Structures are given as structure tokens and as C-alpha cells.
Amino acid sequence: MASRTAPDSLRCVQDLVNTLDIETGADALSADGGPGALLRAYGVAEPGPGEGELEALQTLREALREVCLAHTAGTGVPEGTARTLERLFAAAPLVLAVRPDGGAALRPAAGLGGAAQFTARIAAGIATAVADGTWTRLKACEAHDCRWVFYDRSPAGRSRWCTMAVCGSRAKMRTYRARRAESE
């Protein structure tokens with residue numbers, strides 16, 4: 001099976017959302033050290049200790065999970081989720097950086113650190129993914145006890161589960177049992 005890892009532009013979204021294992025309840029952001037490991041992995045300057053940083057990243061994580069679920073279902077993003085993301089992205093401005101070769105890329109504005117810098121990095125990645133048509137392929141597993149974010153590399157772009165071997169098989173077995181119960 002092809003890798004379910006997102007392209008570089010969306011990897012930070014995937015990594016952030018997958019810091020919470022819904023099945024076990026393990027939250028890497030709430031673990032000892034807080035969001036530090038995630039921020040360091042992306043070269044983001046860590047802020048001083050503060051509940052606001054953790055809360056901002058957890059809010060961003062759950063709003064992005066909702067967007068990925070909308071991608072899976074092929075529906076629009078809930079209005080409240082869109083407003084939450086708008087608010088978080090407004091506090092994390094981007095600038096257009098022109099490279100010496102004439103190319104350009106969105107970058108977090110100077111002076112940002114911590115959750116704001118990471119949020120700006122995510123916004124830049126999403127903008128790149130929208131431009132190259134890959135944004136809607138970042139999906140959340142349809143299984144209620146999973147919701148793991150994966151990148152849909154299927155030709156038709158219709159994958160609904162993070163893995164067919166586990167979540168897909170469970171869903172198909174539940175459907176089979178329900179049909180069988182109806183016919184009895």
C-alpha cells in the first residue's frame with residue numbers, strides 16, 4: 001500500500017492533528033513537555049510556559065480535524081470551525097518572501113513564535129496545498145474511535161479510512177452484521 005504520509009506542505013497539519021490518539025486518549029500536546037517536541041521538530045521558536053499556547057494548539061488541532069473530516073465526507077466545513085480557523089490564522093500573519101531565483105513562498109511574519117508561528121506555518125502549507133490541488137486529499141478516518149489523519153493517495157481520492165486492514169475492515173464487518181440482523 002502507498003504511504004499515507006502527507007506531502008511536505010501538509011505534513012505539519014497531519015502531525016499536529018495526530019498528536020491526539022482518540023482511541024486511547026493519549027495527547028502528546030498535554031504530555032510532559034507540552035507542545036515543545038512538535039514545535040522543535042518544525043524549527044519553531046518555543047515560547048515561555050503558558051496555558052494559552054497549549055490551548056491554541058489544541059483548538060487548532062481539533063478545527064483542522066473537522067476540516068479533514070469534511071474532506072472525507074465530501075461536505076462543507078462547519079461554520080463554527082471555519083470561524084475558529086479564521087480567528088487563529090488572523091493572529092498568525094504571513095508574508096510573501098521572494099527568493100533570489102525569482103520564486104516566492106509564504107512565510108510566517110517576523111516576530112512570531114510558539115503557537116502563532118506554527119499556525120502561520122500551517123496556513124502557508126494549506127495555501128500551497130490549495131494551489132496545487134492536494135488540500136482535500138488530507139482526510140480524517142471515518143471511524144468514530146479513530147479519526148487519524150491520513151493522506152489519500154488513491155486514484156479516485158475516495159478513501160474513507162486510515163487503513164483498510166483495521167478501520168475499514170471493522171466498518172465493513174459492522175455493516176455486514178447490521179444487514180444480517182435486519183434479514184433475520
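## Ser9 in helix α1

At 17% relative accessibility, Ser9 counts as buried, a term that here means under 20% relative accessible area, with exposed meaning over 50% and partly exposed in between (1.4 Å probe, protein chains only). Ser9 is found in helix α1, where helices (H or I, at least four residues) and strands (E, at least two) are DSSP runs numbered from the N terminus. If its neighbours within four places in sequence are left aside, Ser9 is in contact with Gly125, Ile126, Thr128, Ala129 and Thr134, contact meaning heavy atoms within 4.5 Å.

This is a predicted model, in which local features need pLDDT of at least 70 and side-chain atom pairs count only at pLDDT 80 or more, while totals for chains, interfaces and linings use all residues. Residues are numbered from 1 along each chain as its sequence is written, and side-chain values use heavy atoms, with hydrogens and water left out.

## The chain as a whole

The protein chain has 6 helices and 6 strands, and from the N terminus on its elements run α-β-β-α-α-α-β-β-α-β-β-α. Of its 184 residues, 39% count as buried. Among the contacts in the protein chain with a separation of 6 or more, 55% are accounted for by residues 24 or more positions apart.

## How α1 meets α5

The axes of helix α1 (residues 8-17) and helix α5 (residues 114-132) come within 7 Å and cross at roughly 125°; these axes are lines fitted to C-alpha atoms over the stretch in contact, and angles run from 0 to 180 degrees between N-to-C directions. That makes α1 oblique to α5, because angles under 35 degrees count as roughly parallel, over 145 as roughly antiparallel, 65 to 115 as roughly perpendicular and the rest as oblique. On the α1 side the contact is made by Ser9, Leu10, Cys12, Val13 and Leu16, and on the α5 side the residues include Phe118, Arg121, Ile122 and Gly125.

Helix α5 has 19 residues and reaches 27 Å from its first C-alpha to its last, close to the 27 Å expected at 1.5 Å a residue, the expected span being 1.5 Å times one less than the number of residues. Its buried residues include Phe118, Ile122, Gly125, Ile126 and Ala129. After α5 comes Gly133, whose phi is positive, near 80°.

In helix α4 (residues 79-90), Thr81, Leu85 and Leu88 are buried. Seen down the axis of α4, these buried residues fall within an arc of 65°, so they line one face of the helix, the arc being that of the directions from the helix axis to the C-beta atoms. The face turned away from the buried side of α4 carries the exposed residues Glu79, Glu86, Arg87 and Ala90.
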